[in-house]
Amino acid sequence: MISFWKRDIGLHPTAEWEPYCWVNVENPTNEEKRYLLDELGVPDAFYNDIEDVDERPRIEYENGWFFILMRLPYKNTDLKIPYTTVPLGIIFKDEVFVSISFYRCEVIPDFIQFSVRKGILIKDHFDQVLRIMLSSSVWFLKYLKQINNDIKEAENQLERSIRNEELQDLLRIEKSLVFFTTSLKGNDILLHRIKNLRSYRDTYNPELLEDVEIELRQAQETTSVYSDILSGMMDAYASVISNNLNIVMKRLTSISIVLMIPTLIASFYGMNVPNNMETHPWAFGAIVIASITISVFALLIFMRKKWY
């Protein structure tokens, strides 16, 4: 899907391309690809790089075209990895500014709504790049809050669990944090390279640049803290699950011993050999009472020693 956004007090949709408008493309079709390459002159090599989901953040300059690739947080439909990151490519030259993503992220619609709500005036291409980076860092923090809630939920389940499913949930969250850590480091390097461009560094809004650095640093630190907590938690709860299993096995063993006592007594007196009680009418009752008494006595011993 392709959309055109006019830079004014906020971003406003327009029906067709006009100079210095923002061309936002998500999941481009073959027809939209041809429009980008043929009509707007987007370099084919840059377009192909964005298709690779594993591309790292970077900035390139070729034949007057700037190519900036950053990583955006993405809530995955695949339950194996609930949160991951995807590439967003930004390509611009003179009066052409294009962003391309092969995924529908929440970052871009939120960025557009925020610019309208706050009445933000985007003065040039790099100003918009920095604002998109700021929005992506904010969304990293939003997803990290959701991840923290998922960790707490899994923690509550682990306290009384002897299964591996809860640990697997934490493992999936840990994978998401690894993706976040790697992508945030790449975005941080990208920001420093943009900031140090000699021809443009004097044109940046210093307050905007500071905001981007603060949010990006906060997202990195939060991800690092959650990752460290999760690693320690997984080690601790692996031991908890093992301990819970040992408790269950201990109780089952105690029950087996208690049930074995009447079975053993009944076996002795059920053999076809003389035992001096086979002729007494009260022999069966006495054996039952003796079995129950000894079993209760054994159960009390186990409970006193906290074996049950």
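Residues are classed here as buried when their relative accessible area is under 20%, exposed when it is over 50%, and partly exposed in between (1.4 Å probe, protein chains only). The model is predicted, and local features need pLDDT of at least 70, side-chain atom pairs count only at pLDDT 80 or more, and totals for chains, interfaces and linings use all residues. Residues are numbered from 1 along each chain as its sequence is written, and side-chain values use heavy atoms, with hydrogens and water left out.

By this criterion L36 is buried, because its relative accessibility is 0%. L36 belongs to helix α1 (residues 30-39); helices (H or I, at least four residues) and strands (E, at least two) are DSSP runs, numbered from the N terminus. Leaving aside residues up to four places away in sequence, L36 is in contact with I2, V23, V25, G41, V42, Y47, V98 and I100, contact meaning heavy atoms within 4.5 Å. The C-alpha atoms of L36 and V25 are 9.4 Å apart, and the two residues are separated by 11 residues in sequence.

Within α1, the buried residues are E32, L36 and L37. Viewed down the axis of α1, these residues fall within an arc of 130°, so they line one face of the helix; the arc is that of the directions from the helix axis to the C-beta atoms. The cover over the buried residues of α1 includes β1 (2-8), β3, α2 (44-51) and β7. N30, E31, D38 and E39, on the other side of α1, are exposed.

Aromatic pairs number 14 in the structure, where rings of Phe, Tyr and Trp (its six-membered ring) pair if their centres lie within 6.5 Å, with planes under 30 degrees apart counted as stacked, over 60 as edge-to-face and the rest as tilted. One of these pairs, F4 with Y35, is edge-to-face, at 6.3 Å centre to centre and 80° between the planes. Because F4 lies in strand β1 and Y35 in helix α1, the pair ties together parts that are 31 residues apart in sequence. F4 is buried, at 11% relative accessible area, whereas Y35 is partly exposed, at 25%.

Ring pairs also join Y61, F66, F92, F97, F126 and Y204 into a cluster. F126 and Y204 are both buried.
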